[in-house]
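Dear colleague,

Please read them with the model open beside you.

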Amino acid sequence: MPALWIAHVHVTDAEAYGKYAKLAGPAIAAHGGSFIARGGKYVTLEGKERARHVVARFPSVEAAETCYHSPAYQEALDHARDASERDLIIVEITE
């Protein structure tokens, strides 16, 4: 079943985070992921306020998790770790 990769992000270093974004997109695409939302208008109704929200669709939970652990994504993530505060989940779509 398809899955969504959902990230809520507060960027603390825009330059470093930009390097992450440049590398993360191709890594996600290489694992069958496609972006549904990247930034854009949002409304926080509950929970911690984060200024950036990203949703990507993957063919499966396993594909999304494999992407996360891939060398290409981990290289990208090295730029985000000290440049942001992030929450990231993968959830299966139950259609």
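Is Leu-23 buried, partly exposed or exposed? Leu-23 is partly exposed, its relative accessible area being 31%, where buried means under 20% relative accessible area, exposed means over 50% and partly exposed lies in between (1.4 Å probe, protein chains only). This residue belongs to helix α1, with helices (H or I, at least four residues) and strands (E, at least two) taken as DSSP runs and numbered from the N terminus. Once neighbours within four places in sequence are set aside, Leu-23 is in contact with Glu-75, Ala-76 and His-79, contact meaning heavy atoms within 4.5 Å. The C-alpha atoms of Leu-23 and Leu-77 are separated by 8.6 Å, although the two residues are 54 apart along the chain.

Before going further, a word on the basis of these notes. This is a predicted model, in which local features need pLDDT of at least 70 and side-chain atom pairs count only at pLDDT 80 or more, while totals for chains, interfaces and linings use all residues. Residues are numbered from 1 along each chain as its sequence is written, and side-chain values use heavy atoms, with hydrogens and water left out. The average pLDDT (the predictor's confidence in each residue, from 0 to 100) is 95 for the protein, and 100% of the residues score at least 70. Confidence is lowest in strand β2 (residues 34-38), with a mean of 95, and highest in α2, at 98.

As to the overall fold, the protein has 3 helices and 4 strands, which follow the pattern β-α-β-β-α-α-β along the sequence. The radius of gyration is 13 Å, close to the 12 Å that the globule rule gives for 95 residues, so the protein is as compact as a globular protein of that length; the radius is taken over C-alpha atoms, and the rule is 2.2 Å times the number of residues to the power 0.38. Of the 95 residues, 35% count as buried.

β1 and β3 pair in the antiparallel sense over 7 bridges, and Ala-3 has Phe-58 of β3 as its bridge partner. β2 also runs antiparallel to β3, joined to it by 4 bridges, with Ser-34 partnered by Arg-57 of β3. Because 5 of its 7 residues are buried, β3 is largely enclosed by the rest of the structure.

The largest nonpolar core has 20 residues, and those with the most contacts inside it are Trp-5, Tyr-17, Tyr-20, Ile-28, Phe-58 and Tyr-73; such a core is a set of buried Ala, Val, Leu, Ile, Met, Phe, Trp, Tyr and Cys residues joined through side-chain atoms within 4.5 Å. At least two residues of this core come from each of β1 (3-11), α1 (14-30), β3 (52-58), α2 (61-69) and α3 (71-80), and α1 gives the most, with 6 residues. Tyr-17, leaving aside neighbours within four places in sequence, is in contact with Val-9, Val-11, Arg-52, His-79, Ala-80, Ala-83, Ser-84 and Arg-86.

Finally, His-8 lies in strand β1 and counts as partly exposed, at 31% relative accessibility. Not counting residues up to four places away in sequence, His-8 touches Arg-50, Arg-52, His-53, Glu-85, Arg-86 and Asp-87.

With best wishes

Technical notes:
Pairing = 2+ DSSP bridges.
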